[in-house]
Amino acid sequence: MILRMSSLFVRTLRDDPADAEVPSHKLLVRAGYIRRAAPGIYTWLPLGLRVLRKVEGIIRDEMDAIGAQELSFPALLPREPYEATNRWTEYGPNIFRLKDRKDGDYLLGPTHEEMFTLAVKDLYSSYKDLPLALYQIQTKYRDEARPRAGILRGREFTMKDSYSFDVDDAGLDASYQRHRDAYVRIFDRLGFDYVIVKATSGAMGGSRSEEFLAKAAVGEDTYVRCTTCDYAANVEAVEVAPPAPLAYDDVPAAHAEQTPDTPTIDTLVDLLNAEHPRDDRAWTAGDTLKNVLVVLTHPDGTREPVAIGVPGDREVDPKRLEGQLEPITVEAMDEAELRKHPTLVKGYIGPGALGEESPSGIRYLVDPRVVEGTRWVTGADVAGSHVIDLVAGRDFTPDGTIEAADVRDGDACPRCAETGAGGTLETARGIEMGHIFQLGRKYAEALDLKVLDVNGKLVTVTMGSYGVGVTRAVAAIAEGTLDERGLCWPRNVAPADVHVVAAGKDDAVFAAAEEIARELDAAGVQVLLDDRAGKISPGVKFKDAELIGVPTRITVGRSLAESGTVEVQDRRTDDRQDVAVGSVVDHVVAVVKA
Ligand code: ATP
Ligand code: MG
């Protein structure tokens with residue numbers, strides 16, 4: 001079927017929508033692919049829906065190819081299963097909750113682990129039924145705090161989610177690998193420039209976990225890559241290689257000193273080097289121990305003050321901290337909360353006033369670099385005073401460690417630290433397109449999914465969970481391919497293969513464009529035909545074609561009468577060729593099928 005601009009349900013816009021921050025969002029709205037219905041909630045117009053369906057098709061194809069079976073769960077779900085896994089509470093304000101007329105609790109599914117687990121429990125009972133992989137391409141709801149960038153982060157969005165069910169760990173490993181391979185094929189076919197990074201598994205729990213990130217400056221995820229080995233990780237999942245413990249026999253006893261007028265770490269370091277120099281080398285910011293106070297809110301609503309100790313040359317990275325603690329949320333401690341702990345002296349908080357055993361009772365977690373024998377300068381819990389030569393393991397013992405310090409370009413690669421290869425990390429940004437993880441037995445245990453094993457013994461099933469953001473993929477592909485003239489789709493997902501533009505007033509131009517479109521359509525090529533007559537100038541048609549971003553354009557215009565040719569143009573390279581009107585169909589079929 002030929003799509004005709006004269007009747008297609010689309011209006012292109014000259015101006016960017018006021019609420020749009022990222023280029024893909026602006027262009028998808030301007031080119032008539034999507035329309036905003038409410039914050040983070042979008043309508044798919046015909047052009048957009050065609051792209052979305054193609055993305056879905058590729059994903060479906062590859063899931064079917066690994067033997068996963070498609071089904072479809074409701075989006076409107078009862079509370080009970082989510083209560084059984086504690087996610088009714090853990091998901092906090094991110095869930096859309098609602099009541100039915102009998103006052104029963106429901107939610108709009110943010111993810112469907114519970115439903116898949118229960119469905120398998122309903123139907124299967126033996127190891128002979130496994131392995132099993134099920135998937136759906138379905139609408140999810142999350143009341144995101146910051147719906148952003150149009151369909152990149154929606155409150156209603158489409159996800160492909162699949163789940164594997166195995167009787168043992170080896171089976172799970174194999175299922176995970178099959179999915180990982182399928183994801184590589186999916187993201188290759190979608191035309192992404194992407195990286196696979198180690199990830200944290202967040203609210204889902206579980207062990208091995210990787211994300212597929214589309215490389216993009218507008219991405220909300222930061223990842224690191226090693227310059228030497230193939231280590232790559234979401235910054236949230238980077239585990240710093242802790243140094244070996246140090247001997248501290250020669251370190252002088254800790255001593256508190258007056259440190260007036262040192263409002264910043266740099267001024268403190270200057271004062272230390274002037275008045276309390278070290279014998280072996282100069283003090284640096286990395287020798288100071290900075291203690292940052294935060295308040296955690298646990299899923300059940302309990303609030304807990306916690307102190308995080310990081311070397312003074314680093315900051316606490318909120319994303320890393322939250323990544324470690326999810327589903328707990330974190331906020332900075334405010335003045336009112338601070339006043340509840342009279343032993344804490346703002347600006348001079350040291351390990352002496354922290355820890356579960358201390359008078360404040362505040363849990364004290366430190367960066368993994370704070371190993372036994374490391375020697376620090378830190379607050380003395382008295383205004384205007386710091387303590388010098390405070391040794392970890394000798395003078396203070398934190399309650400634990402936490403990966404919260406920021407990760408920077410040039411930091412040591414944790415894997416190379418083990419092998420001695422000496423690589424360093426570089427950071428970049430990406431958009432999370434897919435996430436695969438080994439859930440293990442968490443959901444099966446919570447919902448009692450067991451099967452009889454080969455010996456007739458009941459065993460708990462082990463599961464994997466695998467997601468792709470389908471609507472997000474549309475935006476991410478757009479983001480990765482657009483240029484200053486508009487969208488620029490890879491052929492695999494473009495709303496049409498060819499955009500035929502009738503650029504002229506003559507009937508002959510329109511008749512020829514019509515004929516080319518008809519023949520291409522008959523040859524199985526998807527055609528968008530700009531057959532708009534009347535006041536619409538060729539210039540407007542060209543601008544629309546560039547905005548809409550179909551990969552190949554055929555312009556039927558003045559050269560038809562002059563030389564019997566039409567122009568074939570590549571949207572991406574802008575390469576143009578004059579082709580005899582009689583052979584343009586063969587020519588373009590070859591281009592499209594290449
Ligand atoms: P994010 O960290 O971006 O919030 P997530 O880790 O919460 O995502 P998952 O639960 O792993 O997301 O969901 C699987 C996939 O669904 C993600 O990899 C992403 O592609 C997509 N996705 C998640 N949230 C959204 C959203 N709000 N809008 C569009 N796609 C989303
Ligand atoms: Mg994720």
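A residue is called buried when its relative accessible area is under 20%, exposed when it is over 50%, and partly exposed in between, using a 1.4 Å probe and protein chains only. The model is predicted: local features need pLDDT of at least 70 and side-chain atom pairs count only at pLDDT 80 or more, while totals for chains, interfaces and linings use all residues. Residues are numbered from 1 along each chain as its sequence is written, chains are lettered from A and ligands numbered from 1 in the order in which they are written, and side-chain values use heavy atoms, leaving out hydrogens and water.

**Salt bridges**

- Side chains of opposite charge can pair when their charged atoms come close.
- The whole structure contains 49 salt bridges, each defined as a side-chain nitrogen of Lys or Arg within 4 Å of a carboxyl oxygen of Asp or Glu.
- One of them pairs Asp-161 with Lys-140, with 3.1 Å between the closest N and O atoms.
- Asp-161 belongs to strand 9 (residues 156-166) and Lys-140 to strand 8 (residues 132-141), so this pair ties together parts 21 residues apart in sequence; strands (E, at least two residues) are DSSP runs, numbered from the N terminus.
- Lys-140 is buried, at 0% relative accessible area, and Asp-161 is also counted as buried, at 1%.
- Glu-239 forms a salt bridge with Lys-198, the closest N and O atoms lying 3.7 Å apart.
- That pair links distant parts of the chain, 41 residues apart: Glu-239 is in the loop between strand 13 (232-234) and strand 14 (255-258), and Lys-198 is in strand 10 (residues 194-198).
- Lys-198 is partly exposed, with a relative accessible area of 29%.

- A backbone N or O atom of Gly-154 lies 2.8 Å from a nitrogen atom of ligand 1.
- Oxygen atoms of ligand 1 are approached by a backbone N or O atom of Met-433 at 3.1 Å and by a polar side-chain atom of His-435 at 3.2 Å.
- Of the 580 Å² of accessible area that ligand 1 has on its own, the protein covers 85%; accessible areas come from the Shrake-Rupley method with a 1.4 Å probe.

Conventions. Helix = DSSP H or I, 4+ residues; strand = E, 2+ residues; numbered from the N terminus. Polar contact = N/O pair within 3.5 Å; in protein donor to acceptor, adjacent residues only side chain to side chain.
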